[in-house]
Each structure stands twice: as structure tokens, then as C-alpha cells.
Amino acid sequence: MPSTPIHPMPPFTKQVDLASGIIHDPHRVQTRRLSDLRGLFHAADAEAALASDDPLVYRVYDAHDAPNAAGQLLFSTTVIEPGRIGDEYFMTKGHYHAKEDRAELYYGLQGEGCLLMQTRDGDVNVQWMRSGSAAYVPPYWGHRTVNTGTEPFVFLAVFPADAGYDYGSIRERGFASRIVAGEDGPRIVPNPSYRGG
Ligand code: M6P
Ligand code: ZN
């Protein structure tokens with residue numbers, strides 16, 4: 001009889017509400033308000049927005065907790081509210097994976113937006129997403145999602161349990177590009193405060 005070398009987590013099923021993105025009986029729900037996202041948006045615009053209220057920007061529903069072991073998967077839904085700070089659309093913090101050779105798959109459920117990706121060498125790639133879009137984040141690409149629509153942008157993400165998060169690189173250097181509202185819709189523009197690498 002072959003043995004089962006991976007952690008003995010039993011099979012399970014979670015119900016994902018396609019419209020709202022809510023995962024029933026989640027392991028964890030993370031709420032990101034503007035005050036949790038200091039440094040993400042242009043400072044003066046963010047301060048002005050914070051002076052009036054502290055809007056919800058996005059929530060992440062983590063389906064389950066898996067052992068941090070190669071071979072296991074995690075999955076979550078993210079619900080980004082519609083909105084802007086100045087001309088910049090509401091977006092996630094963004095991260096590289098701590099184990100940088102780990103990939104990820106995003107699947108659009110509701111609304112519209114994009115997956116903004118970059119390598120440490122300065123390559124930028126934008127994948128536009130809507131309901132039914134399956135967008136692939138290859139190993140080594142930093143990734144952030146942006147709601148460019150007028151409804152909540154909802155998507156499912158599946159990724160290796162041992163991928164981990166490197167938020168520090170993004171916090172310190174930013175993304176090379178920003179997604180901003182133009183007269184004819186979203187535009188990809190250089191980020192003047194990007195610090196490279
Ligand atoms: C997706 C996945 C999660 C991530 C979430 C929000 O659901 O990539 O792992 O936590 O988006 O992104 P961030 O962690 O960058 O705020
Ligand atoms: Zn990721």
C-alpha cells in the first residue's frame with residue numbers, strides 16, 4: 001500500500017456565493033479599509049478621503065487553513081468595492097510570493113477589473129478580467145487587483161499553501177504602473193514614485 005506523505009487534511013467542500021463572493025463558514029475574513037492601506041494611494045488624495053470617512057476598500061474570505069506544506073492549496077475570494085482615491089481605482093495591497101516560484105490562478109466572478117503584474121526586472125503586464133475570466137499569475141510576478149468598474153469586483157484565487165506573502169517589496173517600492181480613470185475609461189500610466197526592483 002502506498003503511504004500518503006502529505007498532511008492528512010480530509011477532503012471538503014465550501015459554498016462560494018458567486019454574486020457576493022462570500023464563502024460560507026470561512027477560516028478568516030480580512031477587511032481592508034483605507035486606514036489599513038497607508039502609503040498605497042497618493043498621500044494627499046488619501047488624506048482628503050480619510051478626513052471625510054474611512055471607506056471599505058476590499059475584503060478577503062480565506063476558505064480554509066492548510067498546513068504550510070508543498071502540495072497543499074489555499075483558496076480565497078476577494079471583493080473589491082467600486083471607488084477611487086483621486087484618479088486611482090480601489091485596489092489590493094499587492095504582493096510577491098515569499099516563495100517566488102509559486103504561481104496563482106484568479107477566476108473572475110462578478111464585476112470588472114484587472115490584474116496588474118510586474119517582475120522585479122521591470123516588466124509590467126495587465127490582464128483585464130470580468131465574470132468568467134481565468135487569469136494566470138506566473139511564478140515570480142508580483143500581483144495586485146484593481147476594480148475599474150462601478151460594481152464590486154469579485155474573484156476567486158487559488159494558490160499553493162506554501163507560497164507566502166512578500167508585502168514589503170511592494171510597500172517599499174510600489175508598482176511600476178498605476179491604473180487610473182481617464183476620460184474614456186481605465187488607463188495604465190507610469191507610477192512616478194516607483195522605486196524599481
Ligand atoms: C487574492 C489572493 C490572496 C490575497 C488577496 C488580496 O485573493 O492573492 O492571497 O490575500 O487576493 O491581495 P493582498 O493580499 O495583496 O491584499
Ligand atoms: Zn498571490
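Author: α2 (168-173) and β12 (177-182) each contribute at least two residues to the lining of the largest pocket. Here helices (H or I, at least four residues) and strands (E, at least two) are DSSP runs, numbered from the N terminus. The model is predicted: local features need pLDDT of at least 70 and side-chain atom pairs pLDDT 80 or more, while totals for chains, interfaces and linings use all residues. Residues are numbered from 1 along each chain, chains are lettered from A and ligands numbered from 1 in the order written, and side-chain values use heavy atoms, without hydrogens or water.

A pocket is an open set of points on a 1 Å grid over the protein atoms alone, where a 1.4 Å probe fits, with protein on both sides within 12 Å along at least five of seven lines; lining residues have an atom within 4 Å of a point. The largest pocket has a volume of about 510 Å³, a volume being the space filled by probe spheres set on the points. It has 26 lining residues, and Gly-39, Leu-40, Phe-41, Ile-170 and Gly-174 are the closest to its centre. α2 provides the largest share of this lining, 4 residues. By class, the lining has 9 nonpolar, 7 polar and 10 charged residues (Ala, Val, Leu, Ile, Met, Phe, Trp, Tyr, Cys and Pro count as nonpolar, Asp, Glu, Lys and Arg as charged, the others, Gly among them, as polar).

The second largest pocket holds about 280 Å³ of space. Among its 22 lining residues, Val-60, Thr-78, His-95, Tyr-165 and Tyr-167 are the closest to the centre. This lining splits into 8 nonpolar, 8 polar and 6 charged residues.

Ligand 1 sits in the second largest pocket, meaning that more than half of its atoms lie within 2 Å of the pocket's grid points. Around ligand 1 there are 15 residues, each with a heavy atom within 4 Å of it. Tyr-58, Thr-78, Glu-104, Tyr-165 and Tyr-167 come nearest. β11 (153-160) gives the most to this shell, with 3 residues.

Some atom pairs are polar contacts (N or O atoms within 3.5 Å). Polar side-chain atoms of Glu-104 and Tyr-165 each lie 2.6 Å from an oxygen atom of ligand 1. A backbone N or O atom of Gly-94 lies 2.9 Å from an oxygen atom of ligand 1. Ligand 1 alone exposes 380 Å², of which the protein buries 98% (Shrake-Rupley areas, 1.4 Å probe).

Methods: Polar contact = N/O pair within 3.5 Å; in protein donor to acceptor, adjacent residues only side chain to side chain.
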